[in-house]
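The overall picture of the chain comes at the end.

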Amino acid sequence: MTAVRRTWSWLAEPGRRIPVVSTALGVLWTVIMLARLFVGGAVGLADNFDGHRLMCQLQVAAVPNGHDTWAYLNPVYDTHVWYGEACSAGGTGEPYLSSQWYFLWLAKLLTPVFGFDHALDLRVLGVVVSVFFGLAIGLICAALPLPVWVRVLVVSLIGLFTADSTIAPYFVSPLSEPAAIIGMLLIVAALLRLLRRNFVTVADLLLVSAAVLWTVMAKTQTITMFAGVLPAMLVRPVRFPWLAKLRRTRRELGPEPPRGLRRRALVGALRRTPAVVICGLLVFGCVQFASSQSRWLTEIYHFHQVFGTILPLGSDPRQDLRDLGVDESLARYDGESILALSGPGEVPQGYREFLDDMSMTRIVGFYATHPARIFAVLDRGLDAVTQARPGYLGNYLPDSGKPAYSQENRVFAGGALFTLFRPVRWVVFPVLWLGSLALGVWLALHRRLGAAGRSIGWLLVALSLNTVAQLASVLLSDGLNDIVKHSIFVVYSTFLLFPALVAALGAIDKIGRPDQFLPGQKLPNTGVPWPWQRRRARHVTGAVRGGERERELEPV
């Protein structure tokens with residue numbers, strides 16, 4: 001019992017409790033994810049032919065297993081040298097860039113360590129991604145400005161929805177989604193770290209920027225993260241320690257004159273200048289990366305948007321093409337994919353003009369003048385979200401004994417919930433997204449809530465805006481082509497709203513408490529200080545406790 005009391009006393013120290021709990025949860029969810037992926041037979045996601053554009057950069061090729069590529073997970077790759085257009089985006093000769101390459105490279109490096117005979121085994125990738133998933137869980141737990149038991153509940157819900165059968169199989173696949181999923185979790189942790197105080201530092205802003213860069217570089221589709229992240233990065237003033245020390249010195253010399261409204265506005269703008277500069281550099285870097293991707297991807301998006309989405313949802317293809325400024329003779333490709341143009345043959349009349357003239361501005365303008373088409377494509381998008389995962393890709397190994405194209409359902413909480421939502425999708429999803437946005441704004445601007453509690457509100461705002469923007473990105477880019485798979489980030493961002501709403505309940509419970517209004521508060525449950533600050537925090541805590549003991553011993 002003495003050892004238990006000592007352990008509990010050791011954990012009761014604010015500087016120790018949160019790191020220990022966060023580390024324990026990170027390790028626990030790493031183990032849970034590994035068990036979820038491999039106990040009872042490995043599961044993952046079959047390649048839909050997109051995996052080659054990344055795997056070939058590692059100079060490996062899939063080992064044939066005698067089945068269709070889509071039917072089963074094929075985890076083994078042997079060394080193969082690829083040259084030129086054989087390793088590019090769509091045979092264009094231009095490389096496909098993604099931060100997922102680093103996960104794959106690490107998996108290839110570790111494959112011999114795990115005793116596998118091939119050059120790369122995707123099951124090792126599942127181990128690598130699971131470790132980073134556990135790291136992200138621990139960081140979120142450490143950054144949440146809530147009591148410990150609420151932190152455990154929130155991150156456990158995040159872990160449960162990530163382990164869902166709609167998300168986890170991507171961890172063992174040659175696709176680029178795993179890096180983006182981990183990036184979304186790192187963005188959550190970085191935003192909470194950024195917003196939990198009344199001020200931010202340049203280091204906080206750089207952490208958020210790094211998480212966003214990683215996510216966007218994983219898959220350019222996620223560039224819509226700017227919708228929620230940029231406002232959050234600009235909401236708090238930036239604090240420089242040397243300026244704060246200078247202000248304290250000036251206060252000691254005498255009281256400062258009262259500030260007028262104009263001066264306060266000017267000071268507020270100046271304090272946000274570093275954040276504006278960092279946001280500008282972040283946007284510039286992400287846009288440059290997106291523009292460096294193969295133009296072939298843009299061609300696919302425009303073709304599928306016009307001929308695979310706009311025309312099939314209308315009744316007069318030729319009139320739609322006239323409204324878009326496209327040659328009417330191309331109406332014969334109504335409902336076709338880009339594969340209809342593959343193979344030898346002349347380029348169809350008017351197709352080069354289509355490639356040169358078609359743009360996102362023209363597509364948005366078409367929808368603006370055809371509002372009925374907006375509801376038609378949005379209905380297809382909401383239906384794709386309820387399906388949650390592509391039904392044509394198998395999850396099992398060929399020797400698992402499962403039929404081809406079989407899908408596993410070991411963890412189905414999120415998928416089952418979305419299936420129930422399908423008949424009422426036009427009610428549930430708008431209410432969930434817009435309701436979360438409204439609740440987030442209310443919390444973020446609440447005057448009786450401190451900065452730590454308001455950070456939960458800003459997180460809800462960011463997640464809601466990101467979800468809606470991501471859905472718009474899916475519908476306006478590749479359209480209805482493979483829309484269920486492309487909606488994976490809409491699904492996962494919606495999943496994250498549920499634990500964020502639980503965190504919002506914890507923030508609501510803090511409204512009106514006196515400890516909410518401490519300037520730059522450093523309460524025991526507001527997170528972990530930087531490593532170089534912990535010694536100073538323990539020194540201050542010890543000095544305060546020593547003073548309390550001395551006062552207790554003073555004679556009355």
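## Salt bridges

The count comes to 13 salt bridges, each being a side-chain nitrogen of Lys or Arg within 4 Å of a carboxyl oxygen of Asp or Glu. Keep in mind that this is a predicted model, where local features need pLDDT of at least 70, side-chain atom pairs count only at pLDDT 80 or more, and totals for chains, interfaces and linings use all residues. Residues are numbered from 1 along each chain as its sequence is written, and side-chain values use heavy atoms, with hydrogens and water left out.

E177 sits in helix α7 (residues 177-195), while K219 is in the loop between α8 (202-218) and α9 (226-234), so that the pair links parts of the chain 42 residues apart. Helices here are DSSP runs of H or I with at least four residues, strands are runs of E with at least two, and both are numbered from the N terminus. Both E177 and K219 are buried, that is, under 20% relative accessible area, with exposed meaning over 50% and partly exposed in between (1.4 Å probe, protein chains only).

E177 also forms a salt bridge with K485, and here the closest N and O atoms are 3.0 Å apart. The relative accessible area is 1% for E177 and 2% for K485, and both residues are buried.

## A link between α7 and α8

D204 and R193 make another salt bridge, with their closest N and O atoms 3.9 Å apart. Since D204 lies in helix α8 and R193 in helix α7, the pair ties together parts that are 11 residues apart in sequence. D204 counts as buried at 0% relative accessibility, and R193 counts as buried at 11%. Elsewhere, salt bridges that share partners join R36, E408 and R410 into one network.

## Crossing helices

The axes of helix α17 (residues 371-387) and helix α19 (residues 425-444) come within 10 Å and cross at roughly 80°. Axes are lines fitted to C-alpha atoms, for helices over the stretch in contact, and angles run from 0 to 180 degrees between N-to-C directions. That makes α17 roughly perpendicular to α19, a label for angles of 65 to 115 degrees. Residues of α17 including F375, L378 and L382 meet R425, W426, F429 and W433 of α19, where contact means heavy atoms within 4.5 Å. By class, this contact has 7 nonpolar, 1 polar and 3 charged residues. Ala, Val, Leu, Ile, Met, Phe, Trp, Tyr, Cys and Pro count as nonpolar, Asp, Glu, Lys and Arg as charged, and the others, Gly among them, as polar.

Helix α18 (residues 413-421) packs against helix α22 (residues 488-508) at an angle of about 100°, with their axes 12 Å apart. These two helices are therefore roughly perpendicular to each other. G414, G415, L417, F418 and F421 of α18 make the contact with V491, T494, F495 and F498 of α22. The residues involved divide into 6 nonpolar, 3 polar and no charged.

## The whole chain

The protein chain has 23 helices and 3 strands, and 49% of its 556 residues count as buried. Among contacts with a separation of 6 or more, 77% come from residues 24 or more positions apart.

Conventions:
Angles under 35 degrees count as roughly parallel, over 145 as roughly antiparallel, 65 to 115 as roughly perpendicular and the rest as oblique.
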